[in-house]
Amino acid sequence: MEDGSCSALSVKAALEMIFEFDETGTISYANAEAEKKLEYKSGLCGHSIADVFPTEFKIEENAFTTEYPFDEKPRQFVAYRGNLTCFPVEAKIIKSGSTPEVYVCMANDMLEKEYLKREIAQVKQEAEHALKVKSEFVANVTHELRTPVNGVLGNVKELLDEDVDSRTMKSLRMIERCCVDMNKIIDNILDFSKLEAGKFTLEPRRFNVREMLDYVKGTHSAKITEKGLEFFMTVSPNVPEYVIGDELRIKQVLNNLLSNALKFTSVGKVTLEVLKTAQMNDRTELFFIVIDSGIGIDKADKDKLFQSFSQVDASISRRYGGTGLGLNISKQLVELMGGRIGVESQKGKGSTFSFSIWVGSCEEEKSAEQHTDTVNMSRYSSGVQAVSRQEDSEGGEVLKQFGTPQNREALKKALSKLILCVEMENWEKAEMFMDTIRQLTEGAPHEVGRVILRLKMAVQKENYDRITAGFEELKSFLQAEEVHA
């Protein structure tokens, strides 16, 4: 084949071997890669296809014979070099359909691929072995660490029951707290090791959501009181009473986020909110939001938060402590439960951590949901639960059926009052009207629910720009609904 024809085929510089042969089996063209791989001293042209693939092609009476079907499917061949050594190839041979017939062979050297495949398999085996050794080492070391820590903790608890002076009592309390913290670190290391090794399994069971949340709040009540912070917990009325999930791991994620919120908040408040955001057959999506008024995080540092053994900067580790494992473990646990975790924050203005998980529905909840009064709102403030019923300006109960004319009118009024409160920077009343808006949109489409969620988070963070954007988005949707109605 001439160089001009070769250019037309754009095969001269191809990385695969390409050559042509005729009805007699004589090779008339070979690209540079074919010449290089097959190593015929005088060049490949003029040699027979039977020289290259002797097991597949035979030459009889000035013509080749073969069982190859000349289809588009690649097949495994053994190619022979000019020095009669051979190597495996994956080849595809097609015929032109012209007269006389021209056959084109395209082949890839499989020798390097097979070698790399073996290398990858070996590396993978070595990595799995190293991971196993590391996991066993971590398990053994943490077990050995836990034994003396628990020994110290046990003796300290015995001494705490005795009559000791205040100075000794203070030291004993400090030792007790250090032992508890050490056990938490050991638990984190074990969880991280299991997650990394892919040996972590969830243990779903039926549990009461609100009882779990009360327990989580009780766990942090001492720290809340000690720091003099306000704590608010709100549970949307459409959150099921019972669900099926891994209660222990949900509590672990919540405890981690709340511990961080309390750790990094000196004054102000911490808020925990729980919502139901989706229902798919017998699966329910729950959404958790933890908001604090603490030190906040720079936008550039947010990506570091969920990495293992990572904190925003060394000064935080020195001042506040921690291994940098908690959020990484939380992220992996949330993903195991089918959800996502994220953060919004501004330096010096606090942080908002949110995560979603999917849980199973209980049979008794399915019928109960049909009779639930979606107007009731469970609110927890400083350990006291208050149930309120939202009413309209005329004293009657607000119509909750989303999309009706009465509902749209009530929603417009609530939105106007919300924006007025925001303009006047009356954030307490703004949150109250935001609760009304959220209740009025309980049965709204999923995309509206997302807008409401973002709007509520913006109100809680007192972010004027995001509130305005959310208001306009919701207003546009309502106007579109009116047109379609």
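A nonpolar core is here a set of buried Ala, Val, Leu, Ile, Met, Phe, Trp, Tyr and Cys residues joined through side-chain atoms within 4.5 Å. In this predicted model, the largest such core has 41 residues. Leu-213, Ile-250, Leu-254, Leu-272, Phe-288 and Phe-355 have the most contacts inside it. Two or more core residues are given by each of the helices α6 (209–227), α7 (247–263) and α9 (326–336), and by each of the strands β9 (230–235), β11 (269–280), β12 (283–292), β13 (341–345) and β14 (351–361). Helix α7 provides the largest share of the core, 7 residues. In soluble globular proteins, nonpolar side chains tend to be buried together.

The surroundings of Leu-254 were examined individually. Beyond residues up to four places away in sequence, Leu-254 touches Met-212, Leu-213, Val-216, Leu-272, Phe-288 and Phe-355.

Helix α12 (residues 427–440) was considered next. Its 14 residues should span 20 Å at 1.5 Å a residue, and the end C-alpha atoms are 20 Å apart, in agreement with that expectation. Because 11 of its 14 residues are buried, α12 is largely enclosed by the rest of the structure. The buried residues of α12 include Trp-427, Phe-433 and Ile-437, together with Glu-431, Met-434, Asp-435 and Arg-438.

Helix α13 (residues 446–460) contains Lys-456. The relative accessible area of Lys-456 is 4%, and this residue is therefore classed as buried, the cut-off being under 20%. With residues up to four places away in sequence set aside, Lys-456 touches Glu-273, Met-434, Asp-435 and Arg-438.

Terms used. Residues numbered from 1 in each chain as written. Predicted model: local features only at pLDDT ≥ 70, side-chain atom pairs only at ≥ 80, totals over all residues. Heavy atoms only, no water. Helix = DSSP H or I, 4+ residues; strand = E, 2+ residues; numbered from the N terminus. Buried < 20%, exposed > 50% of the residue type's maximum accessible area, 1.4 Å probe, protein only. Contact = heavy atoms within 4.5 Å. Expected span 1.5 Å × (residues − 1).
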